[in-house]
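Colleague: I have a few minutes before the group meeting, and I would like to go through this one with you. Could you put it on the screen?

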Amino acid sequence: MKKRMMNGARWAALAAAAALVVAGCGTSTPAPAGGAPDELRLAIGGESEEGYDPTLGWGRYGSPLFHSTLLARDADLNIVPDLATDYSVSDDGLVWTVDIRTDARFTDGTPVTARDVAYTFTTAARSGGLTDVTALREAVVVDDDTVELRLTAPQSTFVNRLVTLGIVPEHAHGPDYARNPIGSGPFRLVQWDPGQQLIVERNDDYYGPAPAFRRVVFLFTGEDATMAAATAGRVDVAAVPSSLATATVPGMRLVAVPSVDNRGISFPTVPDTGRTDAEGRPIGNDVTSDLAIRQAVNWAVDRQALVDGVLEGYGSPATGPVDGLPWYEPASAIPGNDPARAAAILDAAGWVDSDGDGVRERNGVRAAFTLLYRAEDSLRQALALAVADMVRPVGIEITPSGVSWDVVTARLHADAVVFGWGSHDPTEMYNLYSSRQAGIELWNPGYYSNPTVDAHLDAAMAATDPEVANRHWRAAQADENGVGFGPAGDAAWAWLVNLQHTYYVDECLDIGRPQIEPHGHGWPITAGITGWRWTC
């Protein structure tokens, strides 16, 4: 068998950027909010409406908290052991053998065994949940502390399932499990009041470092209520959008955490021929299906202005879904914005403003389209409005429209949409651009297809050598001939910004050095919670 070392040193340079941005310090407070040193109160969103069952997707965008995972990522995003003590991969990439520790127990007192690991992976594979384990053919128990995960085909990204899939107990995994999870992680859930709060307590039988807090309360509040709670000293950590991160909050400091959490515009890349998907949803758009329109939007958008104006400086321009990661290809990017070049691209493609109304036309079709965003999301609204203003001078009319999520999912194949993505797992890139994923759930909503890109994505997924996989991931964005899905090629999306996640943190709370965070579902800030400590 070929041993896989648990490392990720190439992440270190990126992770070094995760230095804390401290601002707005008030006077020091002698005790944490609520005056209870063994209690922590967090308003960081992340309520899972579907509950807390890892086999259905809980924990895939951050720490599952109640559950152990086989592997984990440290502050530098290196892969390190958690429940697993070691793992290896066969030369053909089809068999992953995992040894697990023998001192782990679920919170009901039963030991965690290889049977539970096999059951978890098998159940997740069959459930069709948000954690994609479809590559698993079978999970075989070798002995009490060894399991073999046998795949249908090699999958270079399967290691991320070992990092994100929390292990559940076979004997206690029933219909009500999502509301009453039993795990072997550092905390156990004791009360969940949907829409209001979730209360967890320390798991004193946890095999890892003991958390400093006996009790953690998660408050589920909107943006304004979260800010009010922070200002009033009722919470110890408050997640706020960048638009609210400029305030001075007495007794709290601002912590800005770099992330791979991005925002971008998906374009329908096929024309409207009256086609619909299996659910009757329309497919195609006669404007955004034209490459010149997509390229022009990409060149017209001033991403740095979006960072400075919409994000208040808490972020960076985005040129793709994986900026800065080991599988990112810089040649896929375009340098800054250039409205003159956008106009030239449109001229060359025959888009002209023949009637003088400021909007170009071609063959009777106006260069105009709708851009959907979730109405309750102030950040996506601001980005949509700003982008519309930026492209108007080059002769493209974008009409931003704030709608419900139901409308987004009904129209995502026919209208452009402001989406948010971002993961430590390159599988997400495959899902967003592979033609095999077109129209599946939220994947590849614009029905993008390029055989060259597909070939590279398939080769990346099937590679047994991580470096070979990364070469193909990069080539899918832009190969040596400039062919790729990136803005310099097919411009299948217009990626806008990468966020910094902004938190107000009690001055007396040391949260260490956070990871570079993924997209904001779940509680990514809590990945290092077992190391958090009060300092005063």
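Colleague: Let's begin with strand 7 and strand 8: in which sense do they pair, and over how many bridges?

Modeller: Bear in mind that this is a predicted model. In it, strand 7 (residues 136-143) pairs with strand 8 in the antiparallel sense over 6 bridges, and a hairpin of 2 residues joins strand 7 to strand 8. Val141 has Val147 of strand 8 as its bridge partner.

Colleague: And which strand pairs with strand 8 over 5 bridges?

Modeller: That is strand 6 (residues 95-100), which is also antiparallel to strand 8, with Thr97 standing opposite Glu148.

Colleague: Is strand 8 enclosed or open, then?

Modeller: Strand 8 (residues 146-151) has 5 of its 6 residues buried, so the rest of the structure largely encloses it.

Colleague: Switching topic, what does strand 12 pair with?

Modeller: Strand 12 (residues 237-240) pairs in the parallel sense with strand 2 (residues 39-43) over 2 bridges, and it is joined to strand 20 by 4 bridges, those two running antiparallel.

Modeller: The search finds 1 disulfide, formed by Cys508 and Cys536, whose sulfur atoms are 1.8 Å apart. The link of Cys508 and Cys536 is left-handed, with -105° about the S-S bond.

Colleague: Which parts of the chain does the pair tie together?

Modeller: Cys508 sits in the loop between strand 20 (493-506) and strand 21 (509-510), while Cys536 sits in the segment after strand 22 (533-534), so the pair ties together parts that are 28 residues apart in sequence. As for accessibility, Cys508 counts as buried at 0%, whereas Cys536 is partly exposed, with a relative accessible area of 41%.

Colleague: What about helix 5, how many of its residues are buried?

Modeller: Helix 5 (residues 291-300) is mostly covered, with 9 of its 10 residues buried, among them Arg294, Gln295, Asn298 and Trp299.

Colleague: And what do those buried residues pack against?

Modeller: The buried residues of helix 5 pack against helix 6 (303-309), helix 7 (339-348), strand 17 (368-374), helix 8 (378-391) and strand 20. At the start of helix 5, there is also a side-chain oxygen of Asp290 that reaches to within 3.1 Å of the backbone nitrogen of Ala292.

Colleague: Let's compare helix 11. Which of its residues are buried?

Modeller: In helix 11, the buried residues are Val453, Asp454, His456, Leu457, Ala460 and Met461. They cover an arc of only 165° around the axis, which puts them on the same side of helix 11. Their cover includes helix 10 and helix 12 (466-477).

Colleague: What caps the N-terminal end of helix 11?

Modeller: Asn450 does, with a side-chain oxygen 2.9 Å from the backbone nitrogen of Thr452.

Colleague: And how does the span of helix 11 agree with what it should be?

Modeller: At 1.5 Å a residue, its 12 residues should span 16 Å, and the end C-alpha atoms of helix 11 are 16 Å apart, which agrees.

Colleague: Now the backbone: which residues other than glycine have a positive phi?

Modeller: Among them are Leu77, with phi near 70°, and Glu441, with phi near 50°. They deserve a mention because most residues other than glycine have a negative phi.

Colleague: Where are Leu77 and Glu441 found?

Modeller: Leu77 is in the loop between strand 3 (71-73) and strand 4 (79-81), and it is buried, with a relative accessible area of 0%. Glu441 has its place in the loop between helix 10 (427-433) and helix 11 (451-462).

Colleague: What does Gly183 touch?

Modeller: Leaving out residues up to four places away in sequence, Gly183 touches Phe66, His67, Arg105, Phe106, Thr107 and Tyr177.

How values were computed. Residues numbered from 1 in each chain as written. Predicted model: local features only at pLDDT ≥ 70, side-chain atom pairs only at ≥ 80, totals over all residues. Heavy atoms only, no water. Disulfide = S-S within 2.5 Å. Buried < 20%, exposed > 50% of the residue type's maximum accessible area, 1.4 Å probe, protein only. Contact = heavy atoms within 4.5 Å. Polar contact = N/O pair within 3.5 Å; in protein donor to acceptor, adjacent residues only side chain to side chain. Pairing = 2+ DSSP bridges. Expected span 1.5 Å × (residues − 1). Arc of directions from axis to C-beta.
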